[in-house]
Amino acid sequence: MRIDVVSIFPDYLAPLELSLIGKACQDGLLDLRVHDLRDFTTDRHRTVDDTPYGGGAGMVMKSEPWAQALASVAAGNTEAATKPVLIVPSPAGERFTQAAAHELAAEEQLVFACGRYEGIDERVMEWAAEYFTVRPMSLGDYVLNGGEVAVLAMVEAIGRLLPGVVGNPESLVEESHSDGLLEYPVYTKPSSWRDREVPAVLLSGNHGKIAQWRRHEQYRRTAERRPDLLAEFDAAKLPRADRTAF
Ligand code: 6GU
């Protein structure tokens, strides 16, 4: 997969060189390129923002540097068979979920446009629709100063789903949100620590009982912390053997 990120703070994306995603790039599983939006300006001050029409606080990102930058990354990948997806991180976007991460992991090319200030001139997204599938996306209902931190989160969530990136693919199956519930609690040695015991069932060796206990814990935790997820949860979609816990 190829991923291009356009930002006025390319250094913000440096952590993507670390850990699992950095390794995926070294191994050739992921072709990640970060671009400085200011390289696509033509004035002496490398201006990327201006005051908003209609008035109001803050600044708006100018259209032309964005058009130049996006045209450049789209043209840079002549091998692509399908339109790249242009993800515009914004608190006003659709929710980025595990399901969205799976969808995006199946794409050939993703381009992330990191807005700052009050956002990017809306006409950029209209213009870009000719060359990209445009998807404004939000991490959740809170406000970040710019898209960069959101891109770190999204690229990690998507990148770890690419074939070969996570060493043991089974660890992708039993994790929070993979089946619509939160993950069960986990424990490791010692079995007794500061007067706290590991739940006895986990030491029993009874794999059926352990699976059932974990299902119950997933359900209990989801009901307590994320009742909104339980409303969506459908036990009928689980494998037959797992349904008996409900
Ligand atoms: Cl994706 N971007 C920004 N700027 N703020 C956010 C966000 C994204 N998701 C939540 N808040």
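The legends below accompany close-up views of a predicted model.

**View 1. Domain layout of the predicted chain.** The chain is divided into domain 1, residues 2–159, and domain 2, residues 179–243, and the centres of these two domains, taken over C-alpha atoms, are separated by 37 Å. An unreviewed UniProt entry lists residues 1–231 as "domain: tRNA methyltransferase TRMD/TRM10-type". Over residues 1–231 the chain is 31% helix and 18% strand, with the end C-alpha atoms 35 Å apart.

**View 2. The shell of residues around the ligand.** Of the 13 residues around the ligand, those that come nearest are Pro89, Pro91, Leu139, Leu144 and Ala150. Strand E5 (85–95) and strand E7 (133–138) each supply at least two residues of this shell, and the largest share, 3 residues, comes from E5. By residue type, the shell divides into 8 nonpolar and 5 polar residues, with no charged residue.

**View 3. The largest nonpolar core and leucine 86.** Of the 42 residues in this core, Val5, Leu70, Leu86, Val111, Phe112, Ala113 and Val151 touch the most other members. The elements that give two or more residues to the core are the strands E1 (2–7), E5 and E6 (109–113), together with the helices H1 (19–26), H2 (63–75), H4 (122–128) and H5. Leaving aside residues up to four places away in sequence, leucine 86 touches Leu70, Val111, Ala113, Ala128, Phe132, Thr133, Val134 and Arg135.

**View 4. The loop between H5 and E8.** Glycine 180 is found in the loop between helix H5 (148–159) and strand E8 (192–193), and proline 190 also has its place in the loop between H5 and E8. Not counting residues up to four places away in sequence, glycine 180 touches Leu229, Glu232 and Phe233. The peptide bond from lysine 189 to proline 190 is cis, with omega near 5°, whereas most peptide bonds are trans.

View 5. Most residues other than glycine have a negative phi.

Conventions
Residues are numbered from 1 along each chain as its sequence is written. This is a predicted model: local features need pLDDT of at least 70, side-chain atom pairs count only at pLDDT 80 or more; totals for chains, interfaces and linings use all residues. A residue is near a molecule or strand if its C-beta atom, placed from the backbone, lies within 6 Å of it. Helices (H or I, at least four residues) and strands (E, at least two) are DSSP runs, numbered from the N terminus. Ala, Val, Leu, Ile, Met, Phe, Trp, Tyr, Cys and Pro count as nonpolar, Asp, Glu, Lys and Arg as charged, and the others, Gly among them, as polar. UniProt positions are given in the numbering used here, feature names are shortened, and annotations may be inferred rather than shown by experiment. Domain bounds come from an automatic or database domain assignment. Two residues are in contact if their C-beta atoms, placed from the backbone, lie within 7 Å. A nonpolar core is a set of buried Ala, Val, Leu, Ile, Met, Phe, Trp, Tyr and Cys residues joined through C-beta atoms within 7 Å. A residue is buried if 20 or more other C-beta atoms lie within 10 Å of its own, exposed if 12 or fewer, and partly exposed in between; C-beta atoms are placed from the backbone.
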